Amino acid sequence: MMAFLRLLARNRLALAGLIVIGVIVFLALITPLLPLADPDVTDTPNRFLPPLSEGALLGTDHLGRDLLSRLMWGTRLSLAMGLAAAIIAATIGSAIGIIAGYYGGRTDNLIMRGVDMLMAFPYILLALAIVAALGPGLMNALIAVAAVNVPFFARNIRGVTVGIAHKEFVDAARLAGMRDREIILSEVLPNVLPVIVIAMSTTVGWMILETAGLSFLGLGSQPPQADLGSMLGEARSALITNPHTSIVPGAMILIIVMGINLLGDGVRDALDPRLKSGALSRPMPATTVERHGAVPAAKTDSLLDIAQLRTEFRVRDRVYQAVGGVDLHVEKGECLGIIGESGSGKSVTALSVMGLVASPPGVITGGAVHFAGEDIIGAPYEKLRSLRGRRVAYIFQDPLATLHPLYKVGDQLIEAIQSHETVSHTAARTRAVDLLKSVRIPNAESRIDSYPYEMSGGMRQRVGIAMALANDPDVIIADEPTTALDVTVQAQILSVLSDLRRERGLAIIFITHDFGVVGQLCDRVAVMYAGQIVEEGPTEAVLRSPQHPYTARLIACVPTLGGGQRKLAAIPGLPPVVDHLPIGCAFAERCNKAQDLCRAKPVDLVTTGMTRKTRCLFPEVPVERSA
Amino acid sequence: MTGYILKRLLSAIPVLLGISVIVFLIMAMIPGDPATAILGSYATPENVEKLNRDLGLDQGLVPRYFIWLGNMLQGDFGRSFALNRPVLDEVLDRFGATLILAGTSFVMCSILGIAAGVISAARQYGFADKAITFVVLLGISIPSFFLGMMMILIFAVQLRWFPVSGMWPIYGDRNLWVLMDHLAMPAIALAVVATGVIARLARSAMLEVLRQDFIRTARAKGVHERRVIWRHALRAAMVSIIPILGIQAGFVLSGAVYIEMVFQWPGVGRMLVDAILKRDILLVQGGVVFIAACYVMFNIMVDVAQALLDPRIKT
């Protein structure tokens, strides 16, 4: 509760709303004590006095009544009406909702059908019908507005109640022999109450507006008693000659409703956990780049060279170092595997290449990515866009989420082609069919008009691959493309990729957490842990004699076919949280060879032998240190 | 698709019956004698008795409902005593004007609201977003009747850009240009609140969609950001925006009552308010049932639009 209030106070607009409403409610409460003129005493000789007149601060209306006094009493009445309507609607609506939600079945069905009927009316029609039946008047308008809002509460509270009615504590109460009425009052109601109060606070502004509206139409408060709506309604005939009589009550309604809306928004935001975490931010077209210091040069003259790449996530006041200085490179026609547990930074590394890390919260803070000799980190958007898909293409995991659900796969392929080339729709379509054929989709001519949801997981992933191939790229970055697929489909997809690489001379960066897949496809492999590369080398050599203890443990996790039953060595513990990385080796906490030296200072990635690198002071296989 | 439309139309029948029952029950709450209410308090006892017999009002609630329903199905909504003409004729006459006003506003608030929401989301936390958010807050807080009055004061009286009120000038031609001149202010005043609500919901729908994986895919393909926003994201967001449009149509129709009063627009809303003040019960009853039925039909159209937009909905 205190945290909630503090959060609310931090939202300056909500605070302003709260203050405005507080002041108005306070003034409305003490109105009878204020030295105001009688709001109903007419004084026709002094009608339509302008504001700031002697004895009438806001002037007088068409009957010479003091506007300030009428405004205060009118505000009092409008607030009371709105609040009363909200309380009545909330009480009746919630009662209906709780009964429907608690009993369920036929009761629920019958009640909710009725509620749906009421909701089929534009709200004012119902209110007008009720006022027509009961006759114009303050109380009748109040009843009408309350009645119109009952369905809203009934529906919302029913939803919440259904969730609670099946919780264990309600079952327990039932087993304890409590009667339904007791359960509703002692178990359900206390849990639903906060929701009712919130729903009320968000609708009270509406109710004030609606009652004022009915009064404005002459169907609410009757003279001489006046709320803000009827003041405005009466002033309407003198709008052109004496606008101040209209502006005074109208502006008051505006201020009240705006105050309530500001406050309501603030409450809503304070209660929404997603807003706190920043998860409601939309990612920008390209990842934000904040590089300090010199840009590192490419270490190799490979097609793609990643040097000292650093990417972090900034969530509120926390910084998560997802990628902490990664060096990687891939040659034309080569397949590089990146392997690691979830959260090791392998995907973020891959997405950083083309600025596709969601930003906010992602920020690239250092390093360089040289593609064909040119650094593309922080390149202008148009430059980046022309590279994306055309020179460097991506294949993602879970193609159901990564393909647009509402466009046909053919249209998505055609779009990929037309984003980089001006070709006619028919020509692009022909190419799209060919692409589908090249990834061995049967009946490509008819499959091209399917929606993603009409295809199987394996077929969708082939579409994903076809899309990556659409512009004949130089590099394909495949981010766990087979993780969501079953083993046979996985094998097919891998063979498609492998063939394409041979036929087209593609460079592939293949991200996975599966050593089996790496062994089938990749020439070289880099092992990532906590945002760093801990070992790198030719796949065969690494698999045969891993140097880093982490790699060794990772390989030991893979069950071997026909190897008989043996104890699979799971790695104890969890990877470190990347906003609190240790100074020394990040794996030390889970490593059974770790010594004090490991934790004392950062461990460097050192070249071991001709082609291998490892980041360990006490490697599994003793190696000759050459760096 | 035809099957789907047919199915939705059939499912509207119980809703329409429910609406008629609700309206009938509300009208049955009228204290005292219904015939007196219909004829007004100056009716002679003979007339009251005769009307009660003619309308079957001397019978029980259930038979009365079926008589009323049967008459309505044959196009007989009763007779307005204040206007001395059939209710349906009067409602149909007035409905055209409301349709023009509410229809224009609805198109306006849909287009502007969605555009504002999309821009706001695409520029989240930027200047455009903050400006739109502020204007939207102002828009949803101002009572439409007050806004209409202020618009009259500024744009009609001070600046003389538009006529003060009415749908047609008393003298002179009745052409499209004249109509648009008269329509501009009421349509805008009516659209403001709904525009604000739609903009808000469109913004959050867009923010939700922009975080989805398929947006990243579109970007990874090299699709231009403009297209990512206005095609990929908006198309997916429309699935949750369309139902909101259906609800907002109801609010536009409701707001039309106030706007018609402020701008002296000769529509059903003003007709209903006048009828209530004159205790012209049959006119209110007929008008409410008629408009509610139209609204139900409109919502079926919204559902059909939704099904056309989202191929995943089984048709």
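Reader: Let's start with chain B. How much of chain B is buried?
Author: This is a predicted model, to begin with. Buried residues make up 43% of the 315 residues in chain B.

Reader: And how many helices and strands are there in chain B?
Author: Chain B has twelve helices and two strands. Along the sequence, the pattern is α-α-α-α-β-β-α-α-α-α-α-α-α-α.

Reader: What does the C-alpha trace of chain B span?
Author: About 80 × 55 × 35 Å along its principal axes. Of the contacts in chain B with a separation of 6 or more, 71% come from residues 24 or more positions apart.

Reader: Tell me about α12(B). How many residues has it?
Author: α12(B) has 29 residues. From first C-alpha to last, α12(B) reaches 42 Å, close to the 42 Å expected at 1.5 Å a residue.

Reader: Which residues of α12(B) are buried?
Author: Among them are B:Ile281, B:Leu282, B:Leu283 and B:Val284. B:Gln285, B:Gly286 and B:Gly287 are also buried, and B:Asp303 is too.

Reader: Switching to the contact between the chains. How many residues does it take from chain B and from chain A?
Author: The contact takes 61 residues from chain B and 62 residues from chain A. On the chain B side, the elements giving two or more residues include α1 (2-28), α8 (176-210) and α12 (281-309) of chain B.

Reader: Which element gives the largest share of that chain B side?
Author: α10(B), with ten residues. By residue kind, the side of chain B that touches chain A divides into 42 nonpolar, ten polar and nine charged.

Reader: Now chain A. How many helices and strands there?
Author: There are 23 helices and 13 strands in chain A. The radius of gyration of chain A is 35 Å, well over the 25 Å that the globule rule gives for 627 residues, so chain A is more spread out than a compact globule.

Reader: What does the C-alpha trace of chain A span, then?
Author: About 105 × 65 × 65 Å along its principal axes. Of the 627 residues of chain A, 47% count as buried.

Reader: And the contacts in chain A?
Author: Take contacts between residues at least 6 apart in sequence. In chain A, 66% of those join residues at least 24 apart.

Reader: Which residues touch the most other members in the largest nonpolar core?
Author: A:Ala127, A:Leu128, A:Ala129 and A:Ile509 do, in a core of 268 residues. The largest share of this core, 20 residues, comes from α10(B). In soluble globular proteins, nonpolar side chains tend to be buried together.

Reader: What does A:Ile509 touch?
Author: Leaving out residues up to four places away in sequence, A:Ile509 touches residues including A:Val330, A:Leu336, A:Ile338 and A:Ala350. A:Val475, A:Ile477 and A:Ala478 are touched as well.

Reader: On to strands. What does β11(A) pair with?
Author: Strand β10 (residues 524-529) of chain A pairs with β11(A) in the antiparallel sense, over six bridges. There, A:Arg524 stands opposite A:Pro538. β11(A) and strand β13 (residues 612-614) of chain A also pair in the antiparallel sense, over two bridges. A:Glu536 stands opposite A:Lys613 in that case.

Reader: Is β11(A) mostly covered or mostly open?
Author: Mostly covered: six of its seven residues, 532-538, are buried.

Reader: How many residues lie between the strands in the hairpin of β10(A) and β11(A)?
Author: Two. A:Ala530 is in that loop, and its phi is positive, about 50 degrees, although A:Ala530 is not a glycine. Most residues other than glycine have a negative phi.

Reader: Is A:Ala530 buried or exposed? Why?
Author: A:Ala530 is buried, because 23 other C-beta atoms lie within 10 Å, and 20 or more is the cut-off.

Reader: What is phi of B:Arg160?
Author: Near 55 degrees, a positive value in a residue other than glycine. B:Arg160 sits in the loop between α7 and α8 of chain B. B:Arg160 is exposed, with 9 other C-beta atoms within 10 Å.

Reader: Last topic. Where are the cis peptide bonds around A:Pro360?
Author: One joins A:Ser359 and A:Pro360, with omega about 0 degrees. The bond from A:Pro360 to A:Pro361 is cis too, with omega near 10 degrees. A:Pro360 lies in the loop between α12 (346-353) and β5 (362-371) of chain A, and A:Pro361 lies in the loop between α12 and β5 of chain A. Most peptide bonds are trans.

Definitions and conventions: Residues numbered from 1 in each chain as written. Chains lettered and ligands numbered in written order. Predicted model: local features only at pLDDT ≥ 70, side-chain atom pairs only at ≥ 80, totals over all residues. Contact = placed C-beta atoms within 7 Å. Helix = DSSP H or I, 4+ residues; strand = E, 2+ residues; numbered from the N terminus. Nonpolar A, V, L, I, M, F, W, Y, C, P; charged D, E, K, R; others polar. Buried ≥ 20, exposed ≤ 12 C-beta atoms within 10 Å, placed from the backbone. Pairing = 2+ DSSP bridges. Expected span 1.5 Å × (residues − 1). Core = buried A, V, L, I, M, F, W, Y, C linked by C-beta atoms within 7 Å. Rg over C-alpha atoms; globule rule 2.2 N^0.38 Å.
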